[in-house]
Amino acid sequence: MVDGKHQLFGPNGKLILLEEYKEDKLNGTREIYYREGKASSHENYKDDKLEGSRRLYYESGQILYEEFYVNGKLEGQRKGYFEDGSLYLQENYHNGLLEGKRTLFHKNGQIKIRENYKEGISSNE
């Protein structure tokens, strides 16, 4: 049975994975790192399912995605960013399905695409 923190190191000796287990299930924080040591993702688990906030990063350290999970399913607002930090995606989820407005942006901030979803299905068609 696996309990406690688990670490994995790459060939260069740097930490590439740090995660917490309780009774053989992921419970708590899980962090994944690029080879050079910068964060690739930071996420939380409860009973082997994503729970709470999750952030994914570019190798540069800039945020790629910010999202939230409930019982392993996307819930609420999800944002994606260009590497310069400007917003490129904003969408909403309910119970793991796209729900409501989904907007993609050009790097200059202008709207590229705007769509509406209901229970994961586009209402623009």
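**Close-up views of a predicted model**

**View 1. Surroundings of T103.** Beyond its neighbours within four places in sequence, T103 is in contact (heavy atoms within 4.5 Å) with Y88, L89, Q90, I111, I113 and R114. T103 itself belongs to strand β10, residues 97–105; strands (E, at least two residues) and helices (H or I, at least four) are DSSP runs, numbered from the N terminus. T103 counts as buried because its relative accessibility is 7%. Buried means under 20% relative accessible area, exposed means over 50%, and partly exposed lies in between, with a 1.4 Å probe and protein chains only.

The model is predicted, so local features need pLDDT of at least 70 and side-chain atom pairs count only at pLDDT 80 or more, while totals for chains, interfaces and linings use all residues. Residues are numbered from 1 along each chain as its sequence is written, and side-chain values use heavy atoms, with hydrogens and water left out.

**View 2. Surroundings of Y57.** Strand β5 (residues 49–57) contains Y57. With a relative accessibility of 15%, Y57 counts as buried. When neighbours within four places in sequence are left aside, the contacts of Y57 are Y34, A39, S40, S41, H42, Q62, I63 and L64. From C-alpha to C-alpha, Y57 and Y81 are 9.5 Å apart in space, and they are 24 residues apart in sequence.

**View 3. A patch of negative charge.** On the surface, D3, E23, D24, D47 and D48 gather in a patch of negative charge. Patches are made of residues with over 30% relative accessible area and no salt bridge, like charges being joined within 9 Å and nonpolar side chains (Val, Leu, Ile, Met, Phe, Trp, Tyr) within 5 Å. Accessible areas come from the Shrake-Rupley method with a 1.4 Å probe, and for residues only the protein chains shown count as cover. A salt bridge is a side-chain nitrogen of Lys or Arg within 4 Å of a carboxyl oxygen of Asp or Glu. Asp and Glu count as negative and Lys and Arg as positive, without His and the chain ends; the place of a charge is NZ of Lys, CZ of Arg, CG of Asp or CD of Glu. D3, in the segment before β1 (4–9), counts as exposed at 51% relative accessibility.

**View 4. D24 and D47 in their loops.** D24 is in the loop between β2 (15–22) and β3 (25–33), and D47 is in the loop between β4 (39–46) and β5. D24 is partly exposed at 42% relative accessible area, and D47 is partly exposed at 43%. Phi is positive in both residues, near 70 degrees for D24 and near 50 degrees for D47. Most residues other than glycine have a negative phi.
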